[in-house]
Amino acid sequence: DSEEVTDVVLTTSRGHHGGCSESACPDENAVCEEYDHGFTCTCKSGYYSTASTGQNMCRELNAYEARLTITHVNGEAIVFTSSGLGDSDSDKFDETAAIVIAVMDEIFSMSSLRNMYKDLKVRAFEHGSVIVIFDIYMTEESLREDRITAALTEALQEGNILGTNHTLTVIPSSFHVTEPVKPVKEPWYKQPLYIALLCIGCVAAVAVCMVVVCCCKRGKRNHSKTSYVNDGDDPISLQNLSGHGPRASSPTRVDLDFVVTNKSMDKALEPRFKMQ
């Protein structure tokens, strides 16, 4: 039988038969992993499973940034050094981060936020006694920061100690939570691809207009390359002067309108032109 896995962070479901295929996992934010008896669909990092609600989907987690000052870990004073807690690749960083995660997991799993809490990640340690910076992953995007602060405050023992198996001595007033800020997506008309296509379209339109204008000018220039030729006593004919094609065997007769400003030329023109 197939087994629903809802209590493991970022895991959706397991199949009993078959292997991974394109349709094996119903959600694009899930990763399919094969094993001996089938496969499992696991939500990608930053997503959580909604299999317990019957939807079987991967939803995006909401990360709340938190800061807390720690003075002691398991009863021992904690000291910040650049090569120790200041180096995320050091063993000291990994050991201390694991204790912080274990304590916080215990606190939130027993609090009123246990159904919303999914994970915690230590991002860095800073000098100042020692300040730990970590992200708290919740499923509720409208969760107020004071509810997270209240959950941690309620878990304090003797006023400043957190945890049972592992303990952190903290300064309670230093605990600060920042609500997640969702990035605002730019409208489609401000997307780089759309702007690039718009620019290309404008350039193409300008180029087409320039070609049309050039063609029109060239046509007018060729049309204007004509002269009036007088073949003896015949009426004037129009001959194309572009130099292309043979001369017409018989000139085309045309009637021309002239405006003569010199009256003395009227009689001289009458024998040679038909005046309208």
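The reply below starts with the network and then turns to the aromatic pairs, the surface patches and some loop residues.

Reply: The model is predicted, so local features need pLDDT of at least 70 and side-chain atom pairs count only at pLDDT 80 or more, while totals for chains, interfaces and linings use all residues. Residues are numbered from 1 along each chain as its sequence is written, and side-chain values use heavy atoms, with hydrogens and water left out.

The network links Glu-65, Arg-123 and Asp-135. A salt bridge here is a side-chain nitrogen of Lys or Arg within 4 Å of a carboxyl oxygen of Asp or Glu. In general, side chains of opposite charge can pair when their charged atoms come close. The structure holds four salt bridges.

One of them joins Glu-65 and Arg-123, with 2.6 Å between the closest N and O atoms. Because Glu-65 lies in strand E7 (residues 62-73) and Arg-123 in strand E9 (residues 117-127), this pair ties together parts that are 58 residues apart in sequence. Helices (H or I, at least four residues) and strands (E, at least two) are DSSP runs numbered from the N terminus.

Arg-123 also meets the side chain of Asp-135 in a salt bridge, at 3.3 Å from N to O. That pair links distant parts of the chain, with Asp-135 in strand E10 (residues 130-138) and Arg-123 in strand E9, twelve residues apart.

Because its relative accessible area is 28%, Glu-65 is partly exposed. Arg-123 is likewise partly exposed, at 42%. Asp-135 is buried, with a value of 11%.

Another salt bridge is formed by Arg-144 and Asp-146, whose closest N and O atoms are 3.3 Å apart. Asp-146 has a relative accessible area of 40% and is therefore partly exposed.

Rings of Phe, Tyr and Trp (its six-membered ring) pair if their centres lie within 6.5 Å; planes under 30 degrees apart count as stacked, over 60 as edge-to-face and the rest as tilted. By this rule there are three aromatic pairs. The rings of Phe-93 and Phe-125 are edge-to-face because their centres are 5.2 Å apart and their planes stand at 80 degrees. This pair links distant parts of the chain, Phe-93 being in helix H1 and Phe-125 in strand E9, 32 residues apart. Phe-93 is buried at 7% relative accessibility, and Phe-125 is buried at 5%. Phe-108 and Tyr-117 form a stacked aromatic pair, with 5.0 Å from centre to centre and 20 degrees between the planes. Phe-108 is buried at 0%, and Tyr-117 is buried at 10%.

The surface patches come next. Patches are made of residues with over 30% relative accessible area and no salt bridge, with like charges joined within 9 Å and nonpolar side chains (Val, Leu, Ile, Met, Phe, Trp, Tyr) within 5 Å. Areas come from the Shrake-Rupley method with a 1.4 Å probe, and for residues only the protein chains shown count as cover. Lys and Arg count as positive and Asp and Glu as negative, with His and the chain ends not counted. A charge is placed at NZ of Lys, CZ of Arg, CG of Asp or CD of Glu.

A patch of negative charge gathers Asp-87, Asp-89, Asp-91, Asp-94 and Glu-95 on the surface. Asp-87 sits in the loop between strand E8 (76-77) and helix H1 (91-109). With 31% relative accessibility, Asp-87 counts as partly exposed. Leu-193, Leu-197 and Ile-200 make a nonpolar surface patch of about 340 Å². Ile-200 belongs to helix H3 (residues 192-224) and is exposed at 56%.

Some loop residues remain. Asn-74, in the loop between E7 and E8, has a positive phi near 50 degrees and is a residue other than glycine. Asn-74 is partly exposed at 37%. Glu-158 is not a glycine but has a positive phi of about 55 degrees. Glu-158 is placed in the loop between helix H2 (145-154) and strand E11 (161-162), and counts as exposed at 74%.

Definitions and conventions:
Buried means under 20% relative accessible area, exposed over 50%, partly exposed in between (1.4 Å probe, protein chains only).
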